[in-house]
Amino acid sequence: MTTTEIKTNDRTTAEATTVRPNPTTTAPRLNFAKAAPKAFRAVIGLDAAAREGLDPALVELVQIRASHLNRCAYCLHMHTTDARKAGESEDRLHMVAVWQEAEHFFTDREQSALALTDAVTRIGDAGVPDEVYDRAAAHFTEEELARLLALIFTINTWNRIALSTAKRAGTDER
């Protein structure tokens, strides 16, 4: 466990305790799908409904970005693998983590989705600013925006499931 000083926006400095996953953990803690099958199926249902009608490449970019922010190696490995299989370029995959500094790799629509992903994933920092929401709303219909939000909610849930149950990157236990 490490203690660090953090400062967000112009708020006062506060101490935060950061707990990193134990890199020596070799076994998952539990099989969430077997232990809570109804909850697991509900998340799968939300995930499927969220993806409906969204561009598959955009779906993967959003899932990769949230997984970066949440430090979920399991989901990051899974979604970069899926994106490669779907034809995503290595250049774009490498740039997702720094998309704001590499905007020319992404369309305006993708940038607005990535910005919304950042805001929703980090919602505790500053909520979802109006300018971020409005930018996404300018690029997506109301129905698409609702599905995009559901996708962001879902990947954040998957990240928390994978991290909480100590899923290991590269095992792809779907």
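## Overall architecture

Among contacts in the protein (heavy atoms within 4.5 Å) between residues at least 6 apart in sequence, 63% join residues at least 24 apart. The structure is a predicted model, in which local features need pLDDT of at least 70 and side-chain atom pairs count only at pLDDT 80 or more, while totals for chains, interfaces and linings use all residues. Residues are numbered from 1 along each chain as its sequence is written, and side-chain values use heavy atoms, with hydrogens and water left out.

The protein has nine helices and two strands, where helices (H or I, at least four residues) and strands (E, at least two) are DSSP runs numbered from the N terminus. Along the sequence they follow the pattern β-β-α-α-α-α-α-α-α-α-α. Of the 174 residues, 36% are buried, a term that stands for under 20% relative accessible area, with exposed meaning over 50% and partly exposed in between (1.4 Å probe, protein chains only).

## Helix α6

Helix α6 covers residues 108-121, and its 14 residues should span 20 Å at 1.5 Å a residue, which agrees with the 20 Å between its end C-alpha atoms; the expected span is 1.5 Å times one less than the number of residues. Because twelve of its 14 residues are buried, α6 is largely enclosed by the rest of the structure. Its buried residues, among them L114, L116 and V120, pack against α3 (56-70), α5 (90-95), α7 (123-126), α8 (130-139) and α9 (142-164).

## The crossing of α3 and α6

The axes of α3 and α6 come within 9 Å and cross at roughly 35°; axes here are lines fitted to C-alpha atoms, for helices over the stretch in contact, and angles run from 0 to 180 degrees between N-to-C directions. The contact is made by L58, L61, V62, R65, A66, L69 and N70 of α3 and by E110, A113, L114, T117, D118 and T121 of α6. These residues divide into seven nonpolar, three polar and three charged.

## R65 and D118

R65, found in helix α3, counts as buried at 6% relative accessibility. Leaving aside neighbours within four places in sequence, R65 is in contact with V96, A97, W99, L114, T117, D118 and R122. A polar atom of the R65 side chain lies 3.0 Å from the backbone oxygen of A97.

D118, placed in helix α6, is likewise buried, with a relative accessible area of 8%. With neighbours within four places in sequence again left aside, D118 is in contact with R65, L69, W99 and Q100.

Note on methods. A polar contact is a pair of N or O atoms within 3.5 Å; within protein, one must be able to donate a hydrogen and the other to accept it, and residues adjacent in sequence count only if both atoms are side-chain atoms. Ala, Val, Leu, Ile, Met, Phe, Trp, Tyr, Cys and Pro count as nonpolar, Asp, Glu, Lys and Arg as charged, and the others, Gly among them, as polar.
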